[in-house]
Amino acid sequence: MTQDGNEKGSVLIPEHKETLKLMETPVGNGYIFQIDIPENYMYNCKSLEKENSIFTIYQKGEKIYWIPESNIFEQIYSGENEKLTNSSPNCVNECEFEIVVYNENKEISYEEVIKFELVNGKCIVTLKSKLLFGNKNMFWR
């Protein structure tokens, strides 16, 4: 994990907490989480939330953006092409998401569950769990 604008990187270990700074991202003000994976590996991330935070996680290249306050509802249309509106910004205080990393053979190498949480105006990042896959065995860290 690295913080843009900061040369220092961190490795998340289970239940250890790191703090991210609020920054401007391509999708609005939010927090940037960078994943470092081996060359020729790929990953996918998805929100584990069902409602409010489903539109707050974005992935581009090695960066994952969390935008806790989002006006995304102003850009969603119904099947009849009617603009759906929300009278107030959608703001969430926490979000859990899963990262699945695939090796060069497109097999799952490992899965992680990451939690972003706003606490006293700071974004706290926690690795909730990590499953390692190898030789048909799974390992939890």
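The chain exposes about 9,100 Å², of which carbon and sulfur atoms supply 46%. These values come from a predicted model, in which 37% of the 141 residues count as buried.

**Fold**
- The chain has 14 strands and zero helices, and its pattern along the sequence is accordingly β-β-β-β-β-β-β-β-β-β-β-β-β-β.
- Of the contacts between residues at least 6 apart in sequence, 48% join residues at least 24 apart.

**Nonpolar core**
- The largest nonpolar core comprises 22 residues, and Ile99, Ile114 and Phe116 are those with the most contacts inside it.
- At least two residues of this core come from each of strand E3 (28-34), strand E4 (42-47), strand E6 (63-66), strand E11 (94-102), strand E12 (108-119) and strand E13 (122-134).
- Leaving aside residues up to four places away in sequence, Ile99 touches several residues, among them Phe33, Tyr43, Cys45, Ile64 and Ile114.

**Aromatic side chains**
- The chain holds five aromatic pairs, one of which joins Phe33 and Phe97 edge-to-face, at 6.3 Å centre to centre and with 80 degrees between the planes.
- Because Phe33 lies in strand E3 and Phe97 in strand E11, this pair ties together parts that are 64 residues apart in sequence.
- Phe97 also pairs with Phe116, their ring centres being 5.1 Å apart and their planes at 70 degrees, so this pair is edge-to-face as well; Phe97 in strand E11 and Phe116 in strand E12 are 19 residues apart, and both are buried.
- Tyr31, Phe33, Trp66, Phe97 and Phe116 form one aromatic cluster.
- Lys130 lies over the face of Tyr110, at 4.4 Å from the ring centre.

How values were computed
Residues are numbered from 1 along each chain as its sequence is written. Side-chain values use heavy atoms; hydrogens and water are left out. Helices (H or I, at least four residues) and strands (E, at least two) are DSSP runs, numbered from the N terminus. Buried means under 20% relative accessible area, exposed over 50%, partly exposed in between (1.4 Å probe, protein chains only). Contact means heavy atoms within 4.5 Å. Accessible areas come from the Shrake-Rupley method with a 1.4 Å probe; for residues, only the protein chains shown count as cover. A nonpolar core is a set of buried Ala, Val, Leu, Ile, Met, Phe, Trp, Tyr and Cys residues joined through side-chain atoms within 4.5 Å. Rings of Phe, Tyr and Trp (its six-membered ring) pair if their centres lie within 6.5 Å; planes under 30 degrees apart count as stacked, over 60 as edge-to-face and the rest as tilted. A charge sits over a ring if NZ of Lys or CZ of Arg is within 6 Å of the ring centre and within 35 degrees of the ring normal.
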